[in-house]
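User: I am new to this structure and would like a close look at a single part of it. Please keep the answer connected and plain.

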Amino acid sequence: MKAVHFGAGNIGRGFVGLLLHDAGYEVVFADVNAELIDALNAAPSYEVHEVGDGGGVRTVTGYRAINSATSENELIAEIQTADVVTTAVGPNILRFVAPVIARALALRDSGLAPLAVMACENAINATDLLKTEVQSAVDPEQWEALSARAVFANTAVDRIVPGQDPAAGIDVTVETFYEWVIESAPFGDARPEIPGATFVDALGPYIERKLFTVNTGHATAAYYGFAAGIDKISDVLANSDVADAVRHVLEETSNLLVVKHGIDAEVQRAYREKILTRFANPHLPDTVQRVGRQPLRKLSRNERFVSPAAELAERGLGRSALVDAIGKALQFDVPDDEQSVEMRALLSDVSPQEFVERVSGLAPEHPLFDELVAVVAARSN
Ligand SMILES: NC(=O)c1ccc[n+]([C@@H]2O[C@H](COP(=O)([O-])OP(=O)(O)OC[C@H]3O[C@@H](n4cnc5c(N)ncnc54)[C@H](O)[C@@H]3O)[C@@H](O)[C@H]2O)c1
Ligand SMILES: O=P(O)(O)OC[C@@H](O)[C@@H](O)[C@H](O)[C@H](O)CO
């Protein structure tokens, strides 16, 4: 069995690549980072250091790595005969990897079993987005035939993989916890063999629970922590103001998840308590800069703050902690982060109303709109 994985970064090496390797796949990493590709190809294996309770060292062997920027034909040939394609490149990058997948599908033997395509990104229905991008890279008359050569399935991935110490080379430090949930319906009776993953009938509740608990809580901790001058995520919750803010935000998103998806309130309470212990893992060298990265993406319409706050507002439920956290996100000032720089420019160049429309995608008549305008205006003053 062969899997091609786009994005040999933190989650690519420390989670998706590891689980595919454990499942018996020959893993082919594709990445645009030439140094990383060379380092992977120069070593017969890399180590995944799982830190925290029950931690240990895992070794990934038998992989190859291809520079997708310079060796496109080689990559297309690999995808043509692969069983699985996964991505962990960031939702905004999916449009760049889609044309290569489209070209490989065009050349793929129609007698082969369909290629299983799964985007492993922190976004709702990321694989649907990838599929749309693949389709738009194909001649419309060919799409019906080509689409039969692939199965696209949405997934939710959860494992905290911090930025890595450059001295570690290609080895990766990760937390011990992991969860990979995959929607089963697109595969029918022919699911890919990935023992470390869980297949579910309906992914919606799982991806929303993950994004609106793990990622909303994480980003809240990052933005409050950054504003308080704290660098390490594991130190952030020791600040009682930050801990209160994170708990309050998670109570609000939990209310939504319980009402919307029928998740048991006690199960959800235990889930969020477990997550707080994961954030506080002192062995993970994670930073507020990584967790808060790309604030404009995180403040967009279908993301971890605006989506739950908008739905709570539509239902007449409390969302003040989420709105406050959005206000904290506006203080994220990291010169190396392009979206932080862009956000700061927007805050000074456009009115609060225009900022909210452009960044959150909400229309002025939405019940959350004025609350967001107020928080942006307070920040701009
Ligand atoms: N790190 C985590 O804790 C974590 C956990 C769950 C999900 N995720 C999600 O996984 C995705 C990747 O996150 P990460 O933390 O691994 O980021 P990362 O920056 O460590 O890795 C991304 C990799 O993608 C590569 N890349 C960029 N453009 C590319 C292209 N056109 N083709 C091929 N490769 C390309 C980069 O060179 C980099 O190696 C994001 O969507 C993130 O939200 C991350
Ligand atoms: O990857 P992002 O930028 O969407 O979010 C940053 C972190 O919250 C995220 O990477 C978590 O570590 C991860 O989602 C845990 O499963």
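Which residues are around ligand 2?

Analyst: The model is a predicted one. In it, the residues around ligand 2 include Asn122, Asp158, Arg159 and Ile160. Helix α7 gives the most to the shell, with 3 residues.

The chain itself is assigned two domains, domain 1 (2-201) and domain 2 (205-380). Each of them supplies at least three residues to the shell around ligand 2. The C-alpha centres of domain 1 and domain 2 are 28 Å apart. Where the domains touch, 17 residues come from domain 1 and 17 residues from domain 2. On the domain 1 side of this contact, β9 (155-158) and β10 (172-175) each provide at least two residues. That side is made up of 8 nonpolar, 6 polar and 3 charged residues.

The largest nonpolar core counts 121 residues, and Ile101 and Val117 have the most contacts inside it. Helix α7, which spans residues 204-227, gives the most to this core, with 11 residues. Both domain 1 (2-201) and domain 2 (205-380) contribute residues to the core, so it lies between them. Leaving out residues up to four places away in sequence, Ile101 touches Ile79, Val85, Val117 and Val134.

Technical notes
Residues are numbered from 1 along each chain as its sequence is written. Chains are lettered from A and ligands numbered from 1 in the order in which they are written. This is a predicted model: local features need pLDDT of at least 70, side-chain atom pairs count only at pLDDT 80 or more; totals for chains, interfaces and linings use all residues. A nonpolar core is a set of buried Ala, Val, Leu, Ile, Met, Phe, Trp, Tyr and Cys residues joined through C-beta atoms within 7 Å. A residue is buried if 20 or more other C-beta atoms lie within 10 Å of its own, exposed if 12 or fewer, and partly exposed in between; C-beta atoms are placed from the backbone. Helices (H or I, at least four residues) and strands (E, at least two) are DSSP runs, numbered from the N terminus. Domain bounds come from an automatic or database domain assignment. Two residues are in contact if their C-beta atoms, placed from the backbone, lie within 7 Å. A residue is near a molecule or strand if its C-beta atom, placed from the backbone, lies within 6 Å of it. Ala, Val, Leu, Ile, Met, Phe, Trp, Tyr, Cys and Pro count as nonpolar, Asp, Glu, Lys and Arg as charged, and the others, Gly among them, as polar.
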